[in-house]
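Thanks, everyone. I'll talk through one structure this morning, so please have the sequence and the model open.

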Amino acid sequence: MSAVYAVDIRIEAPVNDTEVTDRVVDAIQNLFPEADPTHQQGQLVAEVHTMDGFSELLHRREILDTARSVFFDNLEGDTFAFDVKKQAAFEGRINFAVGEPSELGDIHATVTVHEPSAEEYIDYVAPPTEDGQPVYDDES
C-alpha cells in the first residue's frame, strides 16, 4: 500500500542569452518529466506535484544518502529546497549544486509538502540506506 502525497514543487531555472531555451526545458524535464516550463522574465518556471522521476534517478545513480543530506539540510517546516546543475540535468544526471552557483545558474526546486509530512516525503523520495541499499519501512 502506498501513501498519498500532496506536494507542490516549484522549479525555476535561469535562461541566459548564450543558452538555447529548449535545452534548459530538456534539462528540467529529464529530472521532472511532468514539468511543462513556461518562460517568465529570463527564466523557466514549472510546477509539478510529484518527484517520482527524480526519485527514480536518485535510486539508479545510488545517491540517496547525498539527496537525503541535501534535503534535510534545507528543510524548514514543511518545505525543502535544492539546486542541481543544469548541464548534468541535460545529460539526465543529478548533480546537486552546493557552494557557488554555476556560471549559467542552476535549476532550483522548492518542495512544499502538504501531506503527510516533509520528513515522510523525503523518506519516500530518498529512503534511508543501509550498506548502500534502500531500507523501506514496511509495516506489512
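Is Glu62 buried or exposed? At 62% relative accessibility, Glu62 counts as exposed. The cut-offs: buried is under 20% relative accessible area, exposed is over 50%, and partly exposed is in between, with a 1.4 Å probe and protein chains only.

Some ground rules. This is a predicted model, so local features need pLDDT of at least 70, side-chain atom pairs count only at pLDDT 80 or more, and totals for chains, interfaces and linings use all residues. Residues are numbered from 1 along each chain as its sequence is written, and side-chain values use heavy atoms, with hydrogens and water left out.

Back to Glu62. This residue is in the loop between α2 and α3. Glu62 is not a glycine, yet its phi is positive, about 55 degrees.

There is another residue of this kind. Gln41 is not a glycine either, and has a positive phi of about 45 degrees. Look for Gln41 in the loop between β2 and β3 (43-48). It is exposed, at 83% relative accessibility.

One more backbone point. The peptide bond from Glu115 to Pro116 is cis, with omega near -5 degrees. Pro116 lies in the loop between β6 and α5.

How do α2 and α3 pack? Their axes are 8 Å apart, at an angle of about 130 degrees. Axes are lines fitted to C-alpha atoms, for helices over the stretch in contact, and angles run from 0 to 180 degrees between N-to-C directions. The two helices are therefore oblique to each other. On this scale under 35 degrees is roughly parallel, over 145 roughly antiparallel, 65 to 115 roughly perpendicular, and the rest oblique.

Which residues meet there? From α2, Phe54, Leu58 and His59; from α3, Leu64, Ala67 and Phe71. Contact means heavy atoms within 4.5 Å. By type, the contact of α2 with α3 has five nonpolar residues, one polar and no charged. Nonpolar covers Ala, Val, Leu, Ile, Met, Phe, Trp, Tyr, Cys and Pro; charged covers Asp, Glu, Lys and Arg; the others, Gly among them, are polar.

Stay with α2. Its buried residues include Gly53, Phe54, Ser55, Leu57 and Leu58. What covers them includes α1, α3, β5 and α5 (118-125). Take Ser55, which is buried at 8% relative accessibility. Leaving out residues up to four places away in sequence, Ser55 touches Tyr124 and Val125.

Next, the aromatics. Rings of Phe, Tyr and Trp (its six-membered ring) pair if their centres lie within 6.5 Å; planes under 30 degrees apart are stacked, over 60 edge-to-face, the rest tilted. By this rule there are eleven aromatic pairs. One of them joins Phe54 and Phe96, edge-to-face, 6.3 Å centre to centre and 70 degrees between the planes. That pair links distant parts of the chain, 42 residues apart: Phe54 in helix α2 (residues 52-61), Phe96 in the loop between α4 (86-90) and β6 (106-115). Phe54 and Phe96 are buried.

Then Phe71 and Phe82. Their ring centres are 5.1 Å apart and their planes at 45 degrees, so this pair is tilted. Phe71 is in helix α3 (residues 64-73) and Phe82 in strand β5 (residues 79-85), so the pair ties together parts that are eleven residues apart in sequence. Both residues are buried.

Ring pairs link Phe32, Phe54, Phe71, Phe80, Phe82 and Phe96 into a cluster.

The charged end of Arg23 sits over the ring of Phe90, 3.7 Å from its centre. The test is NZ of Lys or CZ of Arg within 6 Å of the ring centre and within 35 degrees of the ring normal.

Two last residues. Pro33 lies in the loop between α1 (21-31) and β2 (38-40). It is partly exposed, at 48% relative accessible area. Pro33 and Phe54 are 21 residues apart in sequence and 8.5 Å apart in space, C-alpha to C-alpha. Glu130 is in strand β7 (residues 129-130), and is exposed at 56%.

Notes:
Helices (H or I, at least four residues) and strands (E, at least two) are DSSP runs, numbered from the N terminus.
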